[in-house]
Amino acid sequence: MKHIILLVAILFVGCSKEPKEMEAVLFERSGQWITNDDYSDFFFFNRKVYNGPAYLLHRNGKKKEEGNLKNGYKSGTWTGWDKEGNKKYSGPYEYGMEQGSWTGFHINGKKKYEGDFDKGFQIGKWTYYNDQGKKTLEEIYFVCDEKCEEEHSPRECHRKGKVKQSKEF
């Protein structure tokens, strides 16, 4: 029983990480965050990428962004705040690029926008709201289907992220 408790304690202490202030202890290179311990001016030698919770701060010391880094890239859900501490946006990253459903917020906490990203490009339907929560704009962004993929593969689609249709309310 003592061995099990000891093992659980070691795993808990070894696996739990305190969030790191990214700009204080990490270096960003080509969208990848590298630990300070192994930093070198020669990019070839930067092998130690950071994995775990991290955050960025505004100049006033309040949190700007918070989330996880995986293999040095922003990964999973990240949340952003303005300089006064109001929630600004929330959404997932994959390999350092926006991926999936994102939501933005006005200073009063009401929804500002919602929509989807694919590899950092806006896709599909995006809806924008005023600070009273009333829908003001709806935009449809180009989505590359299988036929489109075949036309330009292996390059990224040049139409991705472009507005296909827009409607004001």
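Predicted model: local features only at pLDDT ≥ 70, side-chain atom pairs only at ≥ 80, totals over all residues.
A pair of aromatic rings is described by the distance of the centres and the angle of the planes. Across the whole structure, 9 aromatic pairs are found. In one of them, Y113 and Y128 have ring centres 6.4 Å apart and planes at 45 degrees, a tilted arrangement. Y113 belongs to strand β10 (residues 111–118) and Y128 to strand β11 (residues 121–129), so this pair ties together parts that lie 15 residues apart in sequence.

Another pair is formed by W126 and Y141, whose ring centres are 6.4 Å apart; because their planes stand at 70 degrees, and an angle over 60 degrees is required for this class, the pair is edge-to-face. Here, too, distant parts of the chain are linked: W126 lies in strand β11 and Y141 in strand β12 (residues 135–141), 15 residues apart. With a relative accessibility of 1%, W126 counts as buried. Y141, at 7% relative accessibility, also counts as buried, since the limit for that class is under 20%.

These contacts belong to a wider arrangement. Ring pairs join W78, Y89, Y93, W102, Y113, F117, W126, Y128 and Y141 into a cluster, which includes the partners of both pairs described above.

Methods
Residues numbered from 1 in each chain as written. Heavy atoms only, no water. Phe/Tyr/Trp six-rings, centres within 6.5 Å; stacked < 30°, edge-to-face > 60°. Helix = DSSP H or I, 4+ residues; strand = E, 2+ residues; numbered from the N terminus. Buried < 20%, exposed > 50% of the residue type's maximum accessible area, 1.4 Å probe, protein only.
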